[in-house]
Amino acid sequence: MLRPFAPFLCLAQSLVLVAQPTPYQKAPKAIQAVLDAPGTPSLIASPKGDRFLLAEFDRQPAIRDLAQPMARLAGLRFNPRTRGPHAPPRLKSLALQRVEGGPTAPITLPAGVILGQPRWSPDGTRFVMTGATADATEVWLGEVATGKLRRIPNLRLNAILGSPLTWMPDGGLLCKSLPTHQGPAPKAPDVPTGPRIQENEGKAAPAPTYQDLLQNASDETRFEFLGQSQLVRVEPGTGTLKALGKPGLYAMVNPSPDGRLFLVARLQRPFSYLVPASQFPVREEVWDRTGALVHTAANLPLAEGIPLEGVRTGPRRLHWRPTEPATLAWVEALDGGDPKQKADFRDRVLMQAAPFTSAPSEVIRLKARLMGLEWGERGDLAVVREYERDRRWIRTWLVDPSKPAEARLAFDLNSNDRYRDPGTFQSRLLPNGHTALRQSDGALFLVGSGATPSGDRPFLDRFDPATLKTERRFRCDEGIYESPVTMLPDGRFITRRESPSEAPNYVLHGTTTKALTAFADPLPELRKIQKKLVKYTRPDGVALSFTLYLPPDYKAGERRPAVVWAYPMEFTDAATAGQVSGSTSRFTTLGGMSHLFFLLSGYVVLDNTTMPVVGDPKTVNDTFLDQVVASAKAAIDKADDLGVIDPKRVGVGGHSYGAFMTANLLAHSKLFKAGIARSGAYNRTLTPFGFQSERRTLWEAPDMYLKVSPFMAANQFNAPILLIHGEADNNSGTFPIQSERLYMALKGNGQTVRYVTLPLESHGYIARESIEHTLWEMIHWFDRHLK
């Protein structure tokens, strides 16, 4: 009687075996050793300049850490138990050291607590960190005098809507805490209560492809409950707590420089299913120290109809002027926030002093969109940057707020011009807890990458606002890579120095130079890797380059299989497209899911292979395919001329937009034997309101959207492709469905393809298990098809 069912029993057993999950694969031992090696700690200098912290973070958390609860609401991702970020940064070690010398003092970290980035108090006597436990986000204070950490008791933070704490001018802390007696979080109903309905009445509201948005009324209720916080003032010395105002959806709270007022941003209903929380209605108010309303600075409605590449109308970027007791500053659009609307001026900067009874005064009016606004520490200077969309141009203005009609143009250049980039103005933490541009006798300071045709040589310049001239204080020598990290109050500065044979360390520069750290090379075997900058030219005359890496066991005259790794970039002219970026004088390190790990498997790597797409910003993608194919061929030809690669065994790979490029190269050329595409987008009809720097919509340029979509060419791929995607990818435009649909299209057309999805991973992969498995997949794929 049982015998007829035996085949079905066998079939059921075989199905069970097939359904077993595939375990994470381990990377080769040589790669594991590299992943296990310590990294260089970050240096965080005290505002007083007498000490610094050395903080090392865990670069590869375990997959179980990513498996913690995650709520995905209103474009945000957070742990609903801790009310903090999901998978927060994890401090691995912390040490305190004097600038003038002496032993490094390790700081004992509490067990079972995930500590975040340390932040110095304005007086430099303490530093503060968030600490995540299994069910709470706490405040942990470090005391410089004792070198010990302590927890503020009876305080649980809410870090869902941005930073949950800020220093007060008097040394106190202003925190966003959980409301007391809030009760359990609401749960989604087991049975739907009705349909989900959205409606539009003829108003255009284009939007990027945001992810993790609210989906229904239950989501709205959960978001409103979980995002609620109570503002609390904390006395660090005693741990005393004092509530301020009532609970609300506080996105931001910032004390005035004199400590008497607070700028508070509070989200309001109605919420949206189309845009993230940053575009929800927001009311920005000024409170006094009791929590009473003093002034309503802005009351902005829901911003669902922001034009593409546009901005919100009304006051935006509200903040305190750092050197005034209580003066608000902000920017307003003069063109309706629409970059396509013709306007003589697009933005203006305004300010208004307490008690906010006088009309706001205008600081500057801009012909292009405001890109940045910073204030000098002396109070007589504002640095304003504007970005001209049509030319991709940046202008930097200097203006004395008391003389708004006398603004002067300091810098005027193409946003892609790395060789002329003046650098970034340096700032410092003021005694009132606010940040302002560092000044010495009125002069400002600039730090830049120092790009040159032979590679980056970072610099530190002194800039005189009166004459608009710079004086070079430091420039990296040739053959090494040394970049300014921070400036000290007395004019000295600290750099991070490294070279191909010298591990990164920190150096103090003054009248003399002094090494502050002495970190040893954790992986001497990697010094056998050879690298050099290679420059060449595309047939149309555009200059190109790549960094050539040769594996540790490479012998002169060998032709090895090679990997081309790239990320395409758009440019308005050939001159800036051909500029060199990066430096071959850096210490070679491998980490994460880096393609440079191919070197340990014997491959030659053409890293940062430039793939410029040059043209008018309005139509540049019309020739995307022709330009990336021409660039790829030029790279292979050059490496072939050097005699280091076998041109018949070359693979190509890229991440995100580089994955999009990879799929197109396989579909529209026969240059490569195989490809690897990670976390990409392949069907541009799924990003119909633009992608990367594309300004046209699908309906304005349908032929181009279809032409550049490798999904549409799934029947003509010329080489096998490995697709890898994080299952929780929340990057705009790269929904996991992009890889899923390309896999199905390729499979349906008989192509050779492998599709790997990584549980719990987002756009970049961070868990140790995910990293090792990704590297295993990449190496085995190219070993299979190139070797």
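**Notebook: a sheet, a helix pair and one lysine**

I began in strand E34, where Arg 472 is the bridge partner of Asp 461. Before going on, I noted that this is a predicted model, in which local features need pLDDT of at least 70, side-chain atom pairs count only at pLDDT 80 or more, and totals for chains, interfaces and linings use all residues. Residues are numbered from 1 along each chain as its sequence is written, and side-chain values use heavy atoms, with hydrogens and water left out.

**Entry 1: the sheet**

I looked up strand E33 (residues 459-464) and found that it pairs with E34 in the antiparallel sense over six bridges. Two strands pair if DSSP finds at least two bridges between them. Helices (H or I, at least four residues) and strands (E, at least two) are DSSP runs, numbered from the N terminus. I then traced the order E29-E32-E33-E34, an open sheet of four strands with antiparallel pairing. Its edge strands are E29 (424-425) and E34 (469-475), each pairing on one side only.

**Entry 2: helix H2 and its partner**

Next I turned to helix H2 (residues 29-36) and helix H10 (residues 768-786), whose axes come within 11 Å and cross at roughly 145°. Axes are lines fitted to C-alpha atoms, for helices over the stretch in contact, and angles run from 0 to 180 degrees between N-to-C directions. I listed who meets whom: Ile 31, Gln 32, Leu 35 and Asp 36 from H2 are in contact with Arg 768, Ile 771, Glu 772, Leu 775 and Ile 779 from H10. Contact means heavy atoms within 4.5 Å.

Which residues of H2 are buried? I found Ile 31, Gln 32, Val 34 and Leu 35. They cover an arc of only 160° around the axis, which puts them on the same side of H2; the arc is that of the directions from the helix axis to the C-beta atoms. These buried residues pack against H10. On the face turned away from the buried side, I noted the exposed residues Lys 29 and Asp 36. Buried means under 20% relative accessible area, exposed over 50%, and partly exposed in between (1.4 Å probe, protein chains only).

**Entry 3: Lys 532**

Last, I visited Lys 532 in strand E39 (residues 530-537). Lys 532 counts as partly exposed because its relative accessibility is 42%. Leaving aside neighbours within four places in sequence, I found Lys 532 in contact with Phe 546, Thr 547, Leu 548 and Thr 584. Leu 548 is 16 residues from Lys 532 in sequence, yet 5.3 Å away in space, C-alpha to C-alpha.
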